[in-house]
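Please find below some comments on the model shown here. They are arranged as numbered points and may be read alongside the coordinates.

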Amino acid sequence: MILLFVFCVIIPLLVTDGIVFYNVYRMNKITIAQELSSDAMAIKYGMVNYFEYPAALIQNIYKNETIEELLDRQYERPVDYYNEYIKFKKLSLYESWLGAGRDKVSIYADNDTILNGFMFYKLAPIRDEMWYKRLGDSEGLVVMFVFGKDTTETYSKRSILLLRKLDRYKKTGCEKVLKMEINYSRFLETILNDSIESDAYICMDNRVLMTNVGGAHFKETYPFFNKDIKYDYVYNFELYGERFTVYLRSRNVSFWGLDTNLIIVMVFVIIINLFLPIFMIARLISSVARRIDKLDKAFEKTDSDSLTKISRVEGNDEITSLMENYNVMADRMNELIQTVYVDKLKEQEMDIARQNAELQALHSQINPHFLFNALESIRMRSLIKSENETAEMVEHLALMQRANVNWHSDTVSLEEEVSFIEAYLELQKYRFGDRLNYEIEIDDSCKSLKLPRLSIVTFVENACVHGIEGKTEKGWIFIRVYPDGKRTNIEIEDTGIGITDEARDILLFKMNNASLDLIKTGRGIGITNACLRLKMMPDSNVEFYLESEIGVGTTVVISVEEKDGTEIA
């Protein structure tokens with residue numbers, strides 16, 4: 001049997017797997033080479049396309065006779081040049097072309113009568129610059145990667161320069177050169193973007209210009225390239241007279257020289273051929289022992305008040321059947337224990353709780369009863385003495401107190417809520433006098449809207465206390481309710497002192513994210529409580545909006561949509 005297994009199973013299997021692995025390995029090498037070649041071409045054409053617009057702009061400037069005339073002319077006074085420069089700027093489109101902030105163009109002319117500014121500068125101060133010397137006698141466009149200190153920065157950085165002599169009319173004018181500075185970081189992000197899936201090094205003259213390995217290097221000099229490292233692909237190309245070399249290494253090659261997916265396949269085949277039978281036998285033994293142990297622990301707990309069921313029954317054999325029968329027995333025993341003992345105990349607890357609740361309800365009804373009688377006596381006494389203002393205040397106070405204690409239902413109509421708001425505002429007028437004025441406008445179609453009791457008045461109270469109270473001159477509170485399609489908008493506007501943008505953002509966050517946890521923080525409880533109760537209405541969807549300006553006032557909008565989708569006429 002061993003010889004039969006080795007010669008009829010193992011050896012044919014190894015031969016077959018070897019052929020398959022060799023072909024997969026060869027195809028993997030071809031695929032990686034194609035991917036690297038594609039990355040190299042993408043880098044090349046990415047650089048060509050990126051330089052296409054700057055090169056076209058430089059060529060346009062090169063042929064521009066207006067610029068040539070502006071820089072060649074000798075000016076008697078600086079103001080003469082400035083006037084000509086203003087005329088050029090009005091008629092020129094270069095400012096709008098360069099307005100995107102991607103590239104910076106500077107033109108230097110050997111003319112001491114011009115002024116430095118915009119894109120024109122004197123040539124004499126930059127003759128010793130490295131980039132000017134690099135331009136030399138070149139007649140075309142020159143690309144230069146530099147690492148130097150910008151006069152506007154406190155640190156050195158990399159940059160890319162496109163240089164060209166403006167010598168189209170050199171026989172009639174002065175010497176002129178153009179320098180365009182291209183943002184290195186944006187150039188790097190464009191060329192070595194996420195589509196380049198290999199490790200890339202773009203070099204020129206044995207220096208690394210760009211790489212996508214090791215993060216950004218904007219503040220480091222261009223390092224020398226290490227050619228001793230083995231690279232998977234090398235590609236050379238020329239651009240504007242410069243020779244660039246691209247070195248690429250694949251990220252998908254492991255230490256075996258194989259693709260990661262191929263290694264996974266090999267490991268999987270080995271597991272299937274060698275380890276799977278052993279694993280299955282060990283798994284079978286482990287399953288039987290583990291389930292018997294679980295059943296044994298369940299029987300050990302039979303002396304407790306209730307039997308614990310086996311939470312997870314596995315398998316489909318005799319042990320499984322035994323565990324299922326135990327669960328059935330545990331259910332029946334627990335039902336008997338629940339019926340005889342636990343239910344009776346819960347019933348007694350519920351009777352005690354009901355008696356306590358009834359007693360507390362009686363106490364809560366006694367105090368308001370005496371309070372209402374006392375308020376009514378004060379009101380009648382004030383009417384007898386013709387103290388009408390005091391009687392009116394007591395009447396408003398009684399109305400507010402009844403709304404506070406009459407909590408048989410948490411939901412009231414908008415019309416009832418508004419009547420309470422009017423009573424509250426009338427009482428506040430006794431406090432603020434002529435400083436408080438209010439106006440209430442309610443569309444008739446909105447009066448039946450159901451809202452949590454004392455929810456809207458919380459926002460009105462906030463407008464009084466935090467808006468009007470801190471204002472010395474007259475203030476207004478406007479309450480408007482009107483339909484807006486399928487929604488009803490409730491606006492509470494005050495002309496008070498307003499709040500800052502930071503305070504507005506914090507309050508709006510609390511309104512839209514009202515929760516019990518926010519209420520427990522102890523800050524802004526009233527508004528948070530009202531918003532939470534509005535959001536918890538079962539048949540409505542509520543949104544909150546808040547606008548405020550210091551010294552102008554604050555506006556709160558509560559937008560309510562009933563879930564049945566009925567549009568309010």
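1. Two strands are taken to pair if DSSP finds at least two bridges between them. On that basis, tyrosine 438 has isoleucine 477 in strand 13 as its bridge partner. The contact belongs to the pairing of strand 11 with strand 13, which is parallel and extends over 7 bridges. It should be kept in mind throughout that this is a predicted model.

2. The sheet to which these strands belong is open and has 5 strands, in the order 11-13-14-16-15, with mixed pairing. Strand 11 (436–442) and strand 15 (540–549) are the edge strands, each pairing on one side only. From one strand to the next, the twist averages 10 degrees. Helix 10 (residues 414–432) packs on the sheet and touches strand 11 and strand 13. The direction of helix 10 makes about 170 degrees with that of strand 11.

3. Within the sheet, strand 13 (residues 475–484) pairs with strand 14 (residues 487–494) in the antiparallel sense, over 8 bridges.

4. Which residues touch the most other members of the largest nonpolar core? They are Ile43, Met47, Ile107, Phe120 and Phe187, in a core of 53 residues. Helix 1 (residues 2–62) gives the most to this core, contributing 12 residues. Leaving aside neighbours within four places in sequence, phenylalanine 187 is in contact with Met47, Tyr50, Phe51, Phe145, Ile160, Ile182 and Met210. Another core, of 40 residues, lies apart from it; among its members are Leu451, Leu454, Val457 and Met511.

5. Helix 12 (residues 501–512) may be examined next. The helix has 12 residues and reaches 16 Å from its first C-alpha to its last, close to the 16 Å expected at 1.5 Å a residue. Its buried residues are Arg504, Leu508, Lys510 and Met511. Seen down the axis of helix 12, these buried residues fall within an arc of 160 degrees, so they line one face of the helix. Met511 is also one of the residues in the core of 40.

6. Is serine 198 buried or exposed? Serine 198 counts as buried because its relative accessibility is 2%, and the cut-off for burial is under 20%. The residue lies in the loop between helix 6 (184–191) and strand 6 (199–204). Not counting residues up to four places away in sequence, serine 198 touches Leu36, Asp39, Asn212, Leu248, Arg249, Ser250 and Arg251.

7. The backbone of the next loop deserves a check. Most residues other than glycine have a negative phi. Aspartate 205, in the loop between strand 6 and strand 7 (207–211), has a positive phi near 55 degrees. Asparagine 206 lies in the loop between strand 6 and strand 7 and has a positive phi of about 65 degrees, although it is not a glycine. Aspartate 205 is exposed, with a relative accessible area of 63%, while asparagine 206 counts as partly exposed at 43% relative accessibility.

Definitions and conventions. Residues numbered from 1 in each chain as written. Predicted model: local features only at pLDDT ≥ 70, side-chain atom pairs only at ≥ 80, totals over all residues. Heavy atoms only, no water. Helix = DSSP H or I, 4+ residues; strand = E, 2+ residues; numbered from the N terminus. Axes fitted to C-alpha atoms, helices over the stretch in contact; angles between N-to-C directions. Contact = heavy atoms within 4.5 Å. Buried < 20%, exposed > 50% of the residue type's maximum accessible area, 1.4 Å probe, protein only. Core = buried A, V, L, I, M, F, W, Y, C linked by side-chain atoms within 4.5 Å. Expected span 1.5 Å × (residues − 1). Arc of directions from axis to C-beta.
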